[in-house]
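Student: Could you walk me through this model, and tell me how each term is defined as we go?

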Amino acid sequence: MRTALAILASKITAAILKLLHKGSSKPGEVALAIDPKIMTKITYPKLKVVVTGTTGKTSIAGTIANVMEECGMSCAQNIKGANLTKGIISVLVKDCNLRGVMKSEALVLEVDERYVKEIFKYMKPDYFIINNLSRDQLSRNGHFGIVWKDIHNCIEDSMHLILNADDPLVTLMAHDHKGKTTFYGMSNTPYTTTKPNQNTLDLAYCPFCHTKLVFDYYHYGNLGGYHCPREDFTRPVPEFQVTELNLEEKYMVINQNITLPLKNDILYTAYNNVASFALCKTIGIEEEALKKAFDALSLKVQRLEKLEINGRNTYVLTSKNETPISYNQTIAYIQKDPDLKTVVVGFENVSGRYAYRDLSWLWDIYFEGLVDANIDKIVCVGPFASDLANRLYYAGIPSKQIIVNYPIETIIQTVKKETKGKVYAMVYFDLAYKFRDLVRGDKK
Amino acid sequence: MTINILYLYYDILNLYGESGNIKVLKKQLELQNIEAVVTFKTIGEELEFQTYDFIYIGSGTEENQKIALKHLMKYQKEIETAYQQGKFFLITGNALELFGKSILDIEGKKYKALNLFSFTAKQESFRMVDECVFHCPLFKKNIIGFQNQSGTMHQLKEPFFEVKKGIGSYPGSKGEGIHQNNFYGTYLIGPILARNPFFTKYLVKELVSTKDPNFSFKRMDFTLENRAYQHFMEQFEKEYLEEKDTNL
């Protein structure tokens with residue numbers, strides 16, 4: 001009775017929100033308030049997939065869901081980043097009848113790393129994808145060691161793990177797993193390097209004998225080819241490997257014979273694709289059908305956008321605060337462009353979730369990579385512009401290249417008057433949409 | 001003049017952007033036309049301390065801290081000697097726990113530590129996280145930073161800082177940090193030198209004057225740090241006053 005009421009109330013809430021053109025986790029909140037045990041009362045679809053990781057969750061879950069639908073499978077999904085408990089419950093309730101039975105054939109969820117242990121209390125997935133793990137939102141997470149333990153402790157042998165072989169923290173998850181594991185990864189590409197960016201690897205030592213891990217190559221961050229000199233711990237050979245990658249022409253090849261398009265020229269997109277491909281192939285979708293589906297893809301959540309300021313190409317690269325790997329990916333992307341450029345960097349709030357204003361994560365970001373990146377100016381914007389400018393200064397950016405411009409409202413004028421070249425806005429979500437609006441407004 | 005800096009466990013106690021402390025120190029020394037040589041050493045390597053004027057260790061995961069401790073304990077005597085000689089130590093985050101009598105971990109296992117100071121450290125099952133504003137008798141301005149730890153320090157004699165906001169040595173403690181001889185230790189992350197330019201200035205002056213009491217310093221420019229510091233304090237004071245008002 002209580003469950004039916006919870007579901008009904010939640011569906012009504014969702015309908016009202018839809019009329020008001022608003023989206024939120026309110027339906028989930030309502031359901032949870034009426035029936036705190038709602039997640040245990042639901043009859044889940046036969047196929048349950050959970051995706052987690054520091055980055056890539058939204059893209060991978062979205063790609064998997066889209067591919068499944070292209071291939072004729074009905075799918076309940078929580079894309080658009082609603083990856084905490086309330087958001088997930090909203091999705092479950094939306095898909096089920098008043099008796100709590102979900103109608104879709106598959107459930108694909110992206111789950112925040114810290115919420116995996118919460119969700120897994122009530123729902124054990126058949127397939128569990130872990131894309132990567134690195135330091136992220138340390139004010140709430142403590143450090144990645146804690147996140148790692150939380151996830152590892154709730155893996156069960158019944159779960160088929162789909163793991164990124166290139167991330168040692170991820171492959172470590174499987175060392176005592178008695179169930180099935182499938183690995184995906186990337187071989188050497190033109191974008192592979194032999195040196196890491198900084199000494200901020202999250203796993204630099206063999207977790208078993210504490211000997212320093214040897215990295216034969218790096219793709220980015222802590223990801224690459226690694227082995228312990230004492231052979232205690234080695235990168236596993238992935239079943240699904242990106243064997244060729246061409247970011248300029250936007251395609252990738254898996255296992256030397258499956259060519260997939262890339263929707264943009266950012267390196268990590270290849271990981272998102274191979275992870276999704278690995279899952280879909282493993283659950284039995286035919287290769288031909290998969291290829292067709294990937295070709296037809298379009299993802300609703302985009303992080304890359306192109307605009308113009310005074311005829312200068314402008315790119316908005318949303319980067320996640322407190323997640324050094326996200327900023328580092330953006331910096332690596334900017335570094336690849338040889339042309340003269342101006343970078344705009346900043347945020348309104350440190351976090352969208354809590355009030356803590358820790359800024360130590362700025363010093364784990366490899367801003368040093370911008371020193372030789374043909375930069376005209378770096379404009380720091382938002383209330384923390386001085387902290388950013390300070391960080392850039394100690395990263396080796398010359399003072400005359402650093403501009404402090406607190407108010408977001410004047411950013412376009414500053415960029416027009418005081419800077420040259422293409423414009424890359426490396427900004428957090430809360431400034432990204434404002435920046436875009438200002439650029440569009442300026443054109444009129 | 002050359003200042004030799006030893007950055008210990010740079011690749012295993014490397015959380016919270018702590019390497020920023022060394023970046024700041026090195027740059028400020030170079031701006032004084034002093035050569036600052038940073039040597040990176042870590043577990044598995046032989047250590048000696050006599051070559052160095054300044055030793056730095058930063059925050060790490062609890063697990064990595066124990067690995068570093070095991071390595072560092074071999075050099076207990078050398079560290080004591082270096083400390084007595086007046087060499088500079090800046091030890092931040094949970095690296096400070098290495099220098100007490102012992103560390104009690106979350107499972108109840110006790111690790112013997114360097115015993116340079118008589119406090120004991122205990123690791124709790126919960127995290128302690130907060131923005132911090134500490135008063136220090138050496139400075140007019142308050143020290144700002146952040147705490148993010150699972151450890152607490154007990155029986156700390158004569159803490160370096162007075163806690164205005166933050167956790168301190170343990171939740172509710174009034175004091176935090178250690179300053180003895182030229183040893184500076186604190187749980188504060190920030191990095192502390194990046195966020196408190198007056199502390200950086202003080203440390204640079206102390207360090208250099210120890211080697212050359214007649215050194216003539218050029219004016220240090222901390223415009224960016226000062227603006228960042230000001231921005232934080234303005235927010236803090238507003239919130240602090242708001243809180244006071246609501247408590248009336």
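Student: How much of chain A counts as buried?

Tutor: Of the 444 residues of chain A, 61% count as buried, where buried means under 20% relative accessible area, exposed means over 50% and partly exposed is in between, with a 1.4 Å probe and protein chains only. Please keep in mind that this is a predicted model, in which local features need pLDDT of at least 70 and side-chain atom pairs count only at pLDDT 80 or more, while totals for chains, interfaces and linings use all residues. Residues are numbered from 1 along each chain as its sequence is written, chains are lettered from A and ligands numbered from 1 in the order in which they are written, and side-chain values use heavy atoms, with hydrogens and water left out.

Student: And what about the radius of gyration of chain A?

Tutor: Chain A has a radius of gyration of 22 Å, which agrees with the value near 22 Å that a compact globule of 444 residues would have; the radius is taken over C-alpha atoms, and the globule rule is 2.2 Å times the number of residues to the power 0.38. Along its principal axes, the C-alpha trace of chain A spans about 65 × 60 × 40 Å.

Student: How many helices and strands are in there?

Tutor: Chain A has 15 helices and 17 strands, counted as DSSP runs numbered from the N terminus, with helices being H or I of at least four residues and strands being E of at least two. Among its contacts between residues at least 6 apart in sequence, 69% join residues at least 24 apart, contact being heavy atoms within 4.5 Å.

Student: Let's pick a residue, A:L161: where is it, and is it buried or exposed?

Tutor: A:L161 is found in strand β5 of chain A, residues 160-164, and it is buried, because its relative accessible area is 0%. Leaving aside neighbours within four places in sequence, A:L161 is in contact with A:F128, A:I155, A:A174, A:H177, A:K180, A:T181 and A:T182.

Student: Switching to chain B, what does its overall make-up look like?

Tutor: There are six helices and twelve strands in chain B, and of its 248 residues 60% count as buried. The radius of gyration of chain B is 18 Å, in agreement with the value near 18 Å for a compact globule of 248 residues, and the C-alpha trace spans about 60 × 50 × 30 Å along its principal axes.

Student: Where's the cis peptide bond?

Tutor: A cis peptide bond joins B:G190 and B:P191, with omega about -5°, and B:P191 lies in the loop between β12 (183-186) and α4 of chain B.

Student: What is B:T200 in contact with?

Tutor: B:T200, which sits in helix α5 (residues 197-211) of chain B, is in contact with B:V24, B:Q28, B:L193 and B:F222, once neighbours within four places in sequence are left aside. At 0% relative accessibility, B:T200 counts as buried.

Student: Now the interface: how much area do chain B and chain A bury?

Tutor: They bury about 3300 Å² between them, 54% of it on carbon and sulfur atoms, buried area being the accessible area (1.4 Å probe) that two parts lose on being put together, summed over both. In chain B, the residues that lose the most area to chain A are B:K23, B:L224 and B:H231, together 17% of what that side buries. The contact takes 38 residues from chain B and 35 residues from chain A.

Student: How many salt bridges cross it?

Tutor: The rule, a side-chain nitrogen of Lys or Arg within 4 Å of a carboxyl oxygen of Asp or Glu, finds four salt bridges across the interface of chain B and chain A. The side chains of A:K212 and B:D11 meet in a salt bridge at 2.5 Å, N to O.
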